[in-house]
Amino acid sequence: MVDVLVTNGPMLIGIAAVFGFLMAWGIGANDVANAMGTSVGSNAITIKQAIIIAMIFEFAGAYLAGGEVTSTIRKGIIDASFFVESPELLVYGMIGSLLAAGLWLIAASALGWPVSTTHSIIGAIVGFAAVGVGAEAVEWGKVVGIIGSWVVTPAISGFIAFMLFQSVQKLIFNTDDPLANAKRFVPFYMGLAGFIMSLVTITKGLKHVGLHFSTVEAYGLALAVAIGVGIFGRVAIGRLNMPTNVNRQAEYANVEKVFAILMVVTACCMAFAHGSNDVANAIGPLAAVVSVVNSGGEIESKAALAWWILPLGAVGIVLGLAIFGKRVMQTIGKNITHLTPSRGFAAELAAASTVVIASGTGLPISTTQTLVGAVLGVGMARGIAAINIGVVRNIVISWVVTLPAGAALSILFFFTIKGVFS
């Protein structure tokens, strides 16, 4: 059936490109809105500013650090050897998976549900492989690991966010002179943020540009950035001209202004790291289709990217956020719990810290679930009454539904595409 790929190659690549763009659009509408939601919800930046920051840093992360080569099958979730005899089935399945995951992400974004783009595409790939090829083609151990991460990931980030926010309360807000203590301790938080964010960028982003650092080098570089950011923070905060003889409420507002500066920096770093990592959810299956079609049916474990694939993914992500990202931002930033810049900072730094821990341990992770867990952790630090339980319930349901929804849609599209081209 390789002649099917030769005959219909350009058409298959064209369809895959359209659906890959749709998937990237969904990532922008959902995942990027997650990353920006805490900054917008805490009023550190406006939605328009968030979109501009995301457009610049997501595009930079995706285009500069999104990878020259990508895994043909995302996360190794299916065994490629099952497609050697019928490579066209892999092509049909990847096209169907892109359409399925893209449509699910757009539907979830319209409802304001922050779901995992990684889990959407994985669910889709598992669906077509299990039904269209055979259950033995799926690496079920990895699927179980992903389901386990639904509990582990939010728990880790929630605990870190809880501890971070408690420390901010104890060291700054619950003291006799909050502003003076903010000037004293916030540079240390800035240094910690610089360390975690630079570590995320170095470990998850720069390796794609050909910059490979050993673990010691990565930590050393991140430490240097942390010291630099901490010193810069101390100087910048020292120059802030804030009146000291004000009431307690005004003093708290001044402290939040200090944290708002910090949130802009963390938002930029998160956007770059996210763009470099999650663009693969859209371009991985697309690169697989292009690779298999252009090689006449050969399936390789890694697929070199055609020049147009990364820009396609980067532009799709940016447009998805700009046009369709507002509802998910609202859910993350305002509907789960009330966020201020200090709370938003604790959540964002906790999420980034969890990403670093997961990268080091190989834990399958969803940036969405990490951030939601962190926001919940901050809410819990203020008591259970501070959390909107109804919103949290809907989010958890959407997480559970994501894998089967992606699977069901991809099975439908797989057999439809197979019927059209076979």
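Helix α7 has 24 residues. From first C-alpha to last, α7 reaches 34 Å, close to the 34 Å expected at 1.5 Å a residue. The expected span is 1.5 Å times one less than the number of residues. Helices here are DSSP runs of H or I with at least four residues, numbered from the N terminus. The model is predicted: local features need pLDDT of at least 70, side-chain atom pairs count only at pLDDT 80 or more, and totals for chains, interfaces and linings use all residues. Residues are numbered from 1 along each chain as its sequence is written, and side-chain values use heavy atoms, with hydrogens and water left out.

The buried residues of α7 are A218, A222, A226, G230, G233 and I237. Buried means under 20% relative accessible area, exposed over 50%, and partly exposed in between, with a 1.4 Å probe and protein chains only. L223 is found in α7, which covers residues 215–238. L223 counts as partly exposed because its relative accessibility is 48%. Together with I227, I231 and V235, L223 forms a nonpolar surface patch of about 370 Å² accessible area. Such patches take residues with over 30% relative accessible area and no salt bridge, joining nonpolar side chains (Val, Leu, Ile, Met, Phe, Trp, Tyr) within 5 Å. The areas come from the Shrake-Rupley method with a 1.4 Å probe; for residues, only the protein chains shown count as cover.

Next comes helix α8, residues 248–278, where E256 is found. E256 is buried yet has no salt bridge. A salt bridge needs a side-chain nitrogen of Lys or Arg within 4 Å of a carboxyl oxygen of Asp or Glu. The nearest side chain of opposite charge is R343, 5.9 Å away. Lys and Arg count as positive, Asp and Glu as negative; His and the chain ends are not counted. Leaving aside neighbours within four places in sequence, E256 is in contact (heavy atoms within 4.5 Å) with F173, T340, P341 and S342.

Helix α10 spans residues 309–324. Its 16 residues reach 22 Å, close to the 22 Å expected. Among its buried residues are I309, L310, G313 and A314.

S398 sits in helix α14, residues 389–421. S398 counts as buried, at 0% relative accessibility. S398 and V115 are 283 residues apart along the chain, yet their C-alpha atoms are separated by 6.5 Å. Not counting residues up to four places away, S398 touches W104, W113, P114 and V115.

Last, a loop. N43 lies between α1 (2–41) and α2 (47–65). N43 has a positive phi of about 65° although it is not a glycine. Most residues other than glycine have a negative phi. N43 is exposed, with a relative accessible area of 58%.

Notes
Helix = DSSP H or I, 4+ residues; strand = E, 2+ residues; numbered from the N terminus. Patch = residues over 30% accessible without salt bridge, like charges linked within 9 Å, V, L, I, M, F, W, Y side chains within 5 Å.
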